[in-house]
Amino acid sequence: MDEAKPPTDEVLTLEELAAYLKVSETTAYTLVRGGEIPGRKVGREWRFLKARVTHWLMQAGTEEDMNKTGFVQRDELGGEFKQEGGQEYVALWLPITREEKAAQIEKAARDGVNVSELVADYLRDWVRA
C-alpha cells in the first residue's frame, strides 16, 4: 500500500525560504549564514526542509527572547528592524554607492570618528538636497 508523502519533507530553495518566511532574500540569507535557520548547502546552493523551518518558527520565544537575540522583524510598513540590548535598530537602504561608502569609511578612520555619525550626516545632507 503506497502512502502519500507528508508535505513536511518538502525542500525549499533560499528564494522559496524567503517567500515562506515573508522576508527579503537578504534577510533570509543573513539568518542562514548566522546559523539561525536549519539548512544545508548542496553544492553552491542552500536547501531547507520546510518541516524543520516550520519547527524553527514554532520554537520562537517570547518578545523578550527575540530582543535578546536580535531577531530581525518586519514593521507594519514592511521595514526590517531588530531590538538588541534595549536598543532598536532599523535596516534601510542607503542612497549611496559602494565607492561613496568606502570613502565614508576611509574618512571616519582618518578623522577618528564613528562611521555611523558620518553616514547620518550624509543622510541629512541627502534629505536636504
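**View 1. Arg 124 and Asp 121 both sit in helix H6 (residues 115-128).** They are three residues apart, about one turn of the helix. Helices here are DSSP runs of H or I with at least four residues, strands are E runs of at least two, and both are numbered from the N terminus. The two side chains meet in a salt bridge, 2.6 Å from N to O. A salt bridge means a side-chain nitrogen of Lys or Arg within 4 Å of a carboxyl oxygen of Asp or Glu. Arg 124 is partly exposed at 41% relative accessibility. Asp 121 is partly exposed too, at 38%. (Buried is under 20% relative accessible area, exposed is over 50%, and partly exposed lies in between, with a 1.4 Å probe and protein chains only.)

This is a predicted model, where local features need pLDDT of at least 70, side-chain atom pairs count only at pLDDT 80 or more, and totals for chains, interfaces and linings use all residues. Residues are numbered from 1 along each chain as its sequence is written, and side-chain values use heavy atoms, leaving out hydrogens and water.

**View 2. Glu 10 forms a salt bridge with Lys 50.** The closest N and O atoms are 3.7 Å apart. Glu 10 lies in the segment before strand S1 (11-12) and Lys 50 in helix H3 (residues 50-58), so the pair ties together parts 40 residues apart in sequence. Glu 10 is partly exposed, at 36%. Lys 50 is partly exposed, at 24%.

**View 3. Asp 111 and Arg 110 meet in a salt bridge.** The N to O distance is 4.0 Å. Asp 111 is partly exposed at 41%, whereas Arg 110 is exposed at 60%.
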